[in-house]
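Hi there,

Here is the structure I promised to hand over. Have a look at it first, and then read my notes below.

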Amino acid sequence: MSSSGFKFTLLVPLIVACLMASSARNFHNDFDITWGDGRGKIVNNGEVLTLSLDKASGSGFQSKNEYLFGKIDMQLKLVPGNSAGTVTAYYLSSKGSTWDEIDFEFLGNLSGDPYILHTNVFSQGKGNREQQFYLWFDPTADFHTYSILWNPQRIIFSVDGTPIREFKNMESFGVPFPKNQPMRIYSSLWNADDWATRGGLVKTDWTQAPFTASYRNFNADACVWSNGASSCKSNASPSSALTNSAWFSQEMDSAKQQRLKWVQKNYMIYNYCNDAKRFPQGLPPECNMS
């Protein structure tokens, strides 16, 4: 090989590495820390965001952009050790009295006891669609990816690529579905020891403070809503910007459906659709359709 060829083979990986680095998401560009008086921090040149909670205050952040449909990924490492009483919330939400919302909430617990992953879907201000899960790993030992796929047909909650919940569009049966209100991404770490752990029986141990949750590798393959218009639509062809966006019409294949059943059989600990006592007038209509 000539010296020029040798130099070229060395240069190509370097160029690729530089391109990958330049395309990495930066929390400074995508999010604003909105409360916490310095307890929320963006560190490592924008690659990591941390939220902290002490007895005086928690902290939180929100996305600069609003989204109307998309696939949202975030890696989280939750509060380690005795996290009883703490809640780490990570969700999409619109504003107003008839808001839409898609929730992940992580309910802390005593050391050695599992976190509870709490999910909910609000449409037009109505929620009460809770499903809760244990996880099949320690979410405090390392980062794991928590994803929301939101398209006009369905919402899929996933953990490390494994679906844990699907909420389908069943408007034809009178069930409102989030599809008209753009939503921001929010996250917060806060004290909820009046209800979070064993119904409020276990209180936050402030001698363990500050409590810290960490975030990295945010990605949004999504339609950004700005000035009353979606980035996914053009006047010439409303669907032209979506031809390469598989998520916009994505559904679960048979393998994903089997993984979903595995999670719900082995790790689901609460499902509102099985709580007949809570709904004496009858279960919500979507419970009879799934």
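Let's start with D73, which is found in strand 5 (residues 66-77); strands here are DSSP runs of E with at least two residues, numbered from the N terminus. Residues are numbered from 1 along each chain as its sequence is written. Please keep in mind that this is a predicted model, where local features need pLDDT of at least 70 and side-chain atom pairs count only at pLDDT 80 or more, while totals for chains, interfaces and linings use all residues, and that side-chain values use heavy atoms, without hydrogens and water.

D73 is buried, at a relative accessible area of 13% (buried means under 20%, with a 1.4 Å probe and protein chains only). Its side chain makes polar contacts with the side chains of K71, at 2.8 Å, and S147, at 2.5 Å (a polar contact is a pair of N or O atoms within 3.5 Å, one able to donate a hydrogen and the other to accept it). Leaving aside neighbours within four places in sequence, D73 also touches residues including Y90 and N217 (contact means heavy atoms within 4.5 Å).

Next, the sheet: 8 strands form an open, antiparallel one in the order 1-4-13-6-7-8-9-16 (two strands pair if DSSP finds at least two bridges between them). Strand 1 (31-35) and strand 16 (268-271) each have a single partner strand, so one side of each lacks a neighbour in the sheet. Inside the sheet, 8 bridges join strand 6 to strand 13, and S93 has R184 as its bridge partner in strand 13.

Happy exploring!

Technical notes
Helix = DSSP H or I, 4+ residues; strand = E, 2+ residues; numbered from the N terminus. Buried < 20%, exposed > 50% of the residue type's maximum accessible area, 1.4 Å probe, protein only.
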